[in-house]
Amino acid sequence: MNNLRSSLYFTVVRFASASSNKQSCKLLVLGGGTGGCTIAAKFRPKLGKNKIVVVEPNDKHYYQPMFTLVGGGIKPMEETNRLESSVLPEGVIWIKDTVANIDPESSVVMTKLGTEISYDYLVVALGIELQYNKIKGLEEALSIPDSGVCSNYSPKYVQRTYDTLSKIREGNAVFTFPNTPVKCAGAPLKACLISEDFIRKTGKRDKIRFYYRTSLPVIFSVKHYATKLHEVCSKRNVDVALKQELVEVDYLNREAFFKDVERPLDIRAIPYTMLHVTPPMGPPAVMQSHPDLVDHSGFLRVNKSTLKHDYFPNIYGIGDCTNLPTSKTAAAVAAQSNVLYKNLSSDIKGSNAVKYKYDGYTSCPLVTGVGTCIMAEFDYNLQPLETFPIDQSKEHFSMYWMKKNLMPFLYWNFMLRGFWSGPKLVRKMLHLGLSP
């Protein structure tokens with residue numbers, strides 16, 4: 001009954017939006033993903049009904065952190081998504097359209113279908129775009145059902161990972177990390193280790209060689225966890241090579257070509273039976289509507305502490321589309337959402353109160369197989385900021401259970417409703433108020 005009521009409500013809103021070429025609102029949120037939904041939910045009780053507009057073109061909302069588990073056969077695909085209408089709060093106007101232009105000087109946004117939206121305050125939560133086309137031959141390989149090429153990063157391809165993993169009998173399984181920023185930087189290695197665990201438990205490990213190729217100079221950015229990850233890979237005979245960027249896929253000959261990041265002319269091929277590709281990623285092109293909106297790399301430029309835009313005082317940013325120097329994860333969005341909410345609320349009140357500051361907290365549950373997980377938590381300085389009074393650099397079943405069961409529950413039932421802003425309070429309680 002609740003789903004029916006929600007669907008009817010948003011149908012009316014979409015019709016009303018489409019019938020007018022102009023909208024105005026107190027708060028405009030661009031993007032209905034993790035950051036956008038969370039911010040809309042936090043501000044809905046504060047601003048009231050029909051004061052918030054969310055622009056989002058998609059009917060489905062995905063819990064993307066679960067994709068790695070789907071690719072490893074641990075979770076079913078149907079648990080990863082819900083209707084967008086069911087995760088946006090009632091009383092928020094949803095314009096089902098794509099952002100076409102942002103004019104920060106006039107405080108106006110244009111959509112692809114021609115709706116002009118004026119706003120008092122803007123939150124940009126447009127995420128990051130997958131760029132499969134940046135690797136020669138990759139899109140063609142992904143269009144062939146039995147090419148052996150797969151990717152956990154898109155709902156279009158994630159099921160292929162498990163299908164490919166189930167069919168492989170011998171040869172090479174190759175996993176990649178691109179030479180760009182990515183969402184959830186631990187996910188490529190997780191895909192490798194979960195797959196290795198699956199193959200080992202099905203008795204085929206002695207016939208399959210595992211390769212992990214990353215363009216980064218380290219296996220993981222935080223040394224506290226990188227050391228343990230190297231140990232895990234060495235123990236499980238995963239061939240790890242750094243500063244190696246995938247540049248071409250030849251699915252006909254089943255070869256993946258990698259160039260050395262420091263020596264671009266040094267290109268080597270690795271034959272594969274299974275190739276899991278993490279695609280290059282980049283900021284949405286629409287954010288370059290105005291040159292002062294973004295930094296040199298095209299990401300929204302915001303103050304790393306307050307999340308307010310560097311130049312436009314009525315604009316804030318959250319999540320993957322920003323230039324915040326931390327890993328792009330749902331956990332980071334949770335922590336950012338509380339800082340953004342408090343600072344923007346202060347702006348709306350016209351208060352000159354001291355701004356709340358984001359410390360760069362992010363988390364990456366590094367699942368290493370069924371039943372094992374390293375729970376990485378850290379800040380801007382790449383220092384551990386762990387919630388639990390145990391050594392989280394070690395593999396724990398409890399951390400795996402949290403990743404598999406607790407985190408999805410928190411996401412759907414608390415975070416997207418505006419009630420979860422990360423584990424900061426839990427961390428203080430478990431550490432008796434002391435620094436973790």
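Okay, quick definition before anything else: when I say contact, I mean heavy atoms within 4.5 Å, and buried means under 20% relative accessible area. Also, keep in mind this is a predicted model.

So, let's start with helix α2, residues 34-47. It has 14 residues and spans 20 Å from the first C-alpha to the last, close to the 20 Å you'd expect at 1.5 Å a residue. Of those 14 residues, 10 are buried, so the rest of the structure largely encloses α2. Among the buried ones you'll find Gly 35, Gly 36, Cys 37, Phe 43 and Leu 47, and Lys 42 is on that list too. What covers them? The cover includes strands β1 (22-30), β2 (52-55), β3 (60-62) and β8 (116-124), plus helices α4 (84-87) and α9 (330-349).

Next up, a helix pair. α6 (residues 158-167) packs on α7 (residues 187-201) at about 35 degrees, axes 10 Å apart, and the crossing is right-handed. On the α6 side the contact uses Tyr 162, Leu 165 and Ser 166; α7 brings Ser 195, Phe 198 and Ile 199. By class, that's four nonpolar residues, two polar and no charged ones.

Last thing, the sheet. It's open, three strands, ordered β14-β15-β16, with antiparallel pairing. β14 (244-250) and β16 (267-271) sit at the edges with a single partner strand each, so one side of each has no neighbour in the sheet. Strand to strand, the twist averages 30 degrees. β15 (residues 255-260) connects to β16 through five bridges, and Glu 255 sits opposite Pro 271 of β16.

Notes:
Residues numbered from 1 in each chain as written. Predicted model: local features only at pLDDT ≥ 70, side-chain atom pairs only at ≥ 80, totals over all residues. Heavy atoms only, no water. Helix = DSSP H or I, 4+ residues; strand = E, 2+ residues; numbered from the N terminus. Expected span 1.5 Å × (residues − 1). Buried < 20%, exposed > 50% of the residue type's maximum accessible area, 1.4 Å probe, protein only. Axes fitted to C-alpha atoms, helices over the stretch in contact; angles between N-to-C directions. Left-handed = near helix turned anticlockwise from the far one by under 90°. Nonpolar A, V, L, I, M, F, W, Y, C, P; charged D, E, K, R; others polar. Pairing = 2+ DSSP bridges.
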